[in-house]
Amino acid sequence: MIHKILANKLQKRRQADLYRTRSISQNTKQNFLSFSSNNYLGLANHPEVIAACKKGVDHYGIGSGASALLGGYSYAHHALEEELAEFLGYERVLLFSTGYMANLGILTALYSTGDHIFMDRLNHASLVDGCRYSGARFERYQHKSISDLKLKIAKSKAQNKLICSDGLFSMDGDLAPLPELAAIAKQKQSLLMIDDAHGIGVLGDLGKGIVNHFGLATKDVCILVGTLSKAFGTFGAFVASDKILIESLIQFSRSYMYTTILPAAMAEATRASLRLLQQENWRRDHLAVLIKRFQQGALQLDLKILPSITPIQLLIVGDTKQAEKIALKLKNLGIIVGLIRPPTVPNNTARLRIGLTANHTEEQIDNLLEVLNNASKTQ
């Protein structure tokens with residue numbers, strides 16, 4: 001019976017043009033120019049990062065072999081946590097295997113029945129799922145709407161409250177109104193949790209992220225989540241906070257306790273990328289030039305690009321089939337972009353997600369704009 005039910009669901013998804021497929025990212029017969037990566041600083045293929053990973057494999061082996069609490073926690077993990085904490089200015093950092101597991105682990109460990117969570121309507125799915133699994137009451141305020149948040153949080157009688165938001169929204173390229181969120185959190189005696197997966201490494205002084213970008217103190221954002229798979233170019237995630245909260249996660253976060261910790265070799269690679277991230281400011285400077293060039297070029301061509309000061313650039317198409325056709329035309333011309341369709345985004349807002357990296361050139365940006373313009377106008 002279950003196979004019949006699932007087959008029917010799959011068929012309906014195909015008919016709605018929402019069927020997801022995987023594609024192999026590297027083709028040995030054809031070289032593609034990719035604008036679909038989150039490797040914002042171009043560190044994933046950096047020789048020093050690769051060398052650090054190889055050295056880590058030689059020393060620790062491939063896998064960690066156990067959870068952090070059952071022997072998998074190495075010096076490499078410990079050193080990376082301390083270096084990240086120092087870099088971001090927080091008391092402690094705790095590594096997680098993925099950003100999804102970090103968000104689930106935080107929300108389910110710290111919040112439960114009787115608590116109240118307020119989250120931006122466009123938050124990442126992992127934050128939504130974490131709220132659901134926590135058992136806490138949660139409400140979603142309109143995207144970046146301070147007035148809607150104030151209205152909702154004013155009605156709450158819960159003692160334990162949390163305001164939760166993405167820092168840089170990955171499907172829109174815009175930033176959370178962090179100073180206003182921090183002010184409300186302080187006024188309403190609520191903690192503030194920010195998932196800055198796409199901002200750390202790109203925003204702020206030396207890439208310290210959205211908290212630094214807005215000139216706030218770490219005490220203003222009690223819980224900061226980051227991933228290592230974007231600007232760092234490696235793999236894994238972390239949460240930065242105070243000692244009590246981090247110790248609580250070690251004791252009560254199921255997605256931390258019952259998961260094999262990320263490989264120590266990956267921690268060594270990330271330590272190398274953290275050093276490069278701070279030393280090679282030219283990467284962020286070059287990225288800023290590319291972002292400005294893309295935004296100005298799109299404006300001149302009258303392309304429906306959302307305003308963004310970040311590497312995440314969105315071309316709003318609307319119709320799903322039309323977005324698929326444009327993405328296919330680009331692929332046939334050797335250019336890969338992200339195709340984002342409902343239900344990831346609202347109906348009639350299908351879009352192309354363009355990820356700029358420090359490895360791109362100005363000439364490649366101009367070429368992309370020309371191809372986008374031609375492909376959009378021929379639909």
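**Reading a predicted model by its cut-offs**

Trainee: Why is Asp-302 called exposed?

Mentor: This is a predicted model, and the relative accessible area of Asp-302 in it is 68%. A residue counts as exposed over 50%, so Asp-302, at 68%, is exposed.

Trainee: Where is Asp-302 found, and what is its phi near?

Mentor: Asp-302 lies in the loop between helix 12 and strand 9. Its phi is near 60°, a positive value in a residue other than glycine.

Trainee: Gln-189 is in a loop too, between helix 7 (178-187) and strand 6 (191-195). How do you know whether Gln-189 is buried or exposed?

Mentor: By its relative accessible area, which is 71%. The cut-off for exposed is over 50%, so Gln-189 is exposed. Gln-189 also has a positive phi, near 50°, and is a residue other than glycine.

Trainee: Why is Trp-282 called partly exposed?

Mentor: Trp-282 is at 45% relative accessibility. Buried means under 20% and exposed over 50%, with partly exposed in between; 45% therefore makes Trp-282 partly exposed. Trp-282 is part of helix 12 (residues 282-300).

Trainee: What makes Glu-139 count as buried?

Mentor: Its relative accessibility is 19%. Buried means under 20%, so Glu-139 counts as buried. Glu-139 sits in strand 4 (residues 137-141).

Trainee: Which side chain makes a polar contact with the side chain of Glu-139, and why is it called that?

Mentor: It is the side chain of His-116, at 2.9 Å. A polar contact needs a pair of N or O atoms within 3.5 Å, one able to donate a hydrogen and the other to accept it; the 2.9 Å pair is therefore counted as one. Leaving aside neighbours within four places in sequence, the residues in contact with Glu-139 are His-116, Ile-117, Phe-118, Met-119 and Lys-152.

Trainee: Why is helix 4 described as roughly perpendicular to helix 9?

Mentor: The axes of helix 4 (residues 99-110) and helix 9 (residues 243-252) come within 10 Å and cross at roughly 95°. Angles of 65 to 115 degrees count as roughly perpendicular, so helix 4 is roughly perpendicular to helix 9. The contact is made by Gly-105, Ile-106, Ala-109 and Leu-110 of helix 4 and by Leu-245, Ser-248, Leu-249 and Phe-252 of helix 9. By class, this contact has 6 nonpolar, 2 polar and no charged residues.

Trainee: How do you know that strand 10 and strand 11 pair?

Mentor: Strand 10 (residues 335-340) and strand 11 (residues 350-355) are joined by 3 bridges and run antiparallel. Pairing requires at least two bridges, so these strands pair. Leu-339 has Leu-352 in strand 11 as its bridge partner. The loop between strand 10 and strand 11 includes Pro-343, and a cis peptide bond with omega about 10° joins Pro-342 and Pro-343.

Trainee: What is the order of the open sheet of 4 strands, and which strands stand at its edges?

Mentor: The order is 1-10-11-9, with mixed pairing. Strand 1 (33-35) and strand 9 (312-318) stand at the edges because each has a single partner strand, so one side of each lacks a neighbour in the sheet. The twist from one strand to the next averages 30°.

How values were computed
Residues numbered from 1 in each chain as written. Predicted model: local features only at pLDDT ≥ 70, side-chain atom pairs only at ≥ 80, totals over all residues. Heavy atoms only, no water. Helix = DSSP H or I, 4+ residues; strand = E, 2+ residues; numbered from the N terminus. Axes fitted to C-alpha atoms, helices over the stretch in contact; angles between N-to-C directions. Buried < 20%, exposed > 50% of the residue type's maximum accessible area, 1.4 Å probe, protein only. Contact = heavy atoms within 4.5 Å. Parallel < 35°, antiparallel > 145°, perpendicular 65-115°, else oblique. Nonpolar A, V, L, I, M, F, W, Y, C, P; charged D, E, K, R; others polar.
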